[in-house]
Amino acid sequence: MHPREFVTFIAALMGVNALGVDLMLPALADIGRDLFVTEANHRQWVVTVYMVGFGIGQLVYGPLADRFGRRPILITTLVGFVAASIFAASSATFEALLAARLLQGLMSASTRVLAVAIVRDGASGRQMARTMSVAQMIFFIVPILAPTLGQGLLALGPWRFIFYALGMFAAFVLAWTLVRLPETLPVARRVPISIASLKQSYRLTLSNRFSVGYAAAASLTFGGIIAFVSSAQQIFVDEFGAGQRFAVLFALCAGAMGMASFANSRLVERLGTRLISQSAVLALIFLSVVHVLVIEWGWETLISFMVFQALSMTCIGLCGANFGAMAMEPVGHIAGTASSIQGFITSIGAVLVGSAIGQSYAGTTLPLAIGYLAIGVAVLVLVYFIEGGQLFRPRMEPR
């Protein structure tokens, strides 16, 4: 592939998961009504269950991709995602829909593992961070457009159309994979699946404080995204009465992350992953403290929430690709398995953090603001430990 096509392909691959999370957000109220979900917070499980499957599935695909190559695993799971989307569209009960969403998450887990592994097969360090930042910049366009696309699909028919659309997009990425994606893992670098090799890979990944530490840090910041996504419909529609503007308001917040990724792609090779990400964590803490005070003093409005949320998303966007690159740096020789383990830590940790914050929603934005403050403080403490008490010190070699 041409480099630009390659970056666009990685973004589209990641977009399968992004659409899987965000496309049905405008339909949560319709889903709850049609499938007799009486408790509003229970609708968040449509997002949460998907992320549980997404986290668990990542443990499997890394070793398989290291053994059989990237292409066959990706092709198989994209076919599975299409089937799960059809299952979701035909669900007659909320329980059946959740089962379909779990299966969708299990299948889409390969997109995260293989996107990281495919990029790592040809790049590392700041180069990898730059490539992933450009891909994530394109990838973040998907959350910007997803609610609008979801509302458009709802205008054409019932919420089930959304899941058919998910299947169609996955089928498009599948066709692109079949036609254009070469195998990026040479046969000579493939690792047989054995208890000994898995044990060795797990030991290398989990015993390295940078690998496991930055994966845990990424899980905390990703948890902030899950908290916002799962409760956004309730905040914008129920609390602020902005139902008609939901897609636009959600897009503005997601767009802040896209701009942050674009800025990171331009700056990371010059400033380094640590300076950018650690500065963003400190900014997130400051913003969260001010936001909590604004809410407590009764000054919170839709405008103030949008400002603080967009700035918080910017900080989180400056952390994501950098934390991922720093986590992968010492374990690039086992990129597939390491990506699986790190992805599991990141996703399951994010589900636990995000669902705890989301389920705390009680009609105000205070739980979200306090949650972001807790995330920022926890990440700062974790990074301080990972770096041996020295912040802003570069470790990755320049290109």
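Mentor: Start with Arg-180, which counts as partly exposed because its relative accessibility is 40%; buried means under 20% relative accessible area, exposed over 50%, and partly exposed in between, with a 1.4 Å probe and protein chains only. The model is a predicted one, in which local features need pLDDT of at least 70 and side-chain atom pairs count only at pLDDT 80 or more, while totals for chains, interfaces and linings use all residues. Residues are numbered from 1 along each chain as its sequence is written, and side-chain values use heavy atoms, with hydrogens and water left out.

The partner of Arg-180 is Glu-5: the two form a salt bridge whose closest N and O atoms are 2.8 Å apart. The term means a side-chain nitrogen of Lys or Arg within 4 Å of a carboxyl oxygen of Asp or Glu. Because Glu-5 sits in helix H1 (residues 3-22) and Arg-180 in helix H8 (residues 160-180), the pair ties together parts that are 175 residues apart in sequence. Helices here are DSSP runs of H or I with at least four residues, numbered from the N terminus. Glu-5, at 21% relative accessibility, is partly exposed.

Across the whole structure, the search finds four salt bridges. Another joins Asp-30 to Arg-33, again with 2.8 Å between the closest N and O atoms. Both of these residues lie in helix H2 (residues 28-34), three residues apart, or about one turn of the helix. An α-helix has 3.6 residues a turn, so residues three or four places apart point the same way. Asp-30 has a relative accessible area of 22% and is partly exposed, whereas Arg-33, at 54%, is exposed.

Arg-70 and Asp-66 also meet through their side chains in a salt bridge, at 2.9 Å from N to O. Both Arg-70 and Asp-66 are buried.

For the contrast, take helix H11 (residues 246-271) and H13, whose axes (lines fitted to C-alpha atoms over the stretch in contact) come within 8 Å and cross at roughly 35°. Contact means heavy atoms within 4.5 Å. Among the residues that meet are Leu-249, Met-257 and Asn-264 in H11, and Met-306, Gln-309 and Ala-321 in H13. The contact has 14 nonpolar, six polar and no charged residues. Here Ala, Val, Leu, Ile, Met, Phe, Trp, Tyr, Cys and Pro count as nonpolar, Asp, Glu, Lys and Arg as charged, and the others, Gly among them, as polar. Because 19 of its 27 residues are buried, H13 is largely enclosed by the rest of the structure.

How values were computed
Helix = DSSP H or I, 4+ residues; strand = E, 2+ residues; numbered from the N terminus. Axes fitted to C-alpha atoms, helices over the stretch in contact; angles between N-to-C directions.
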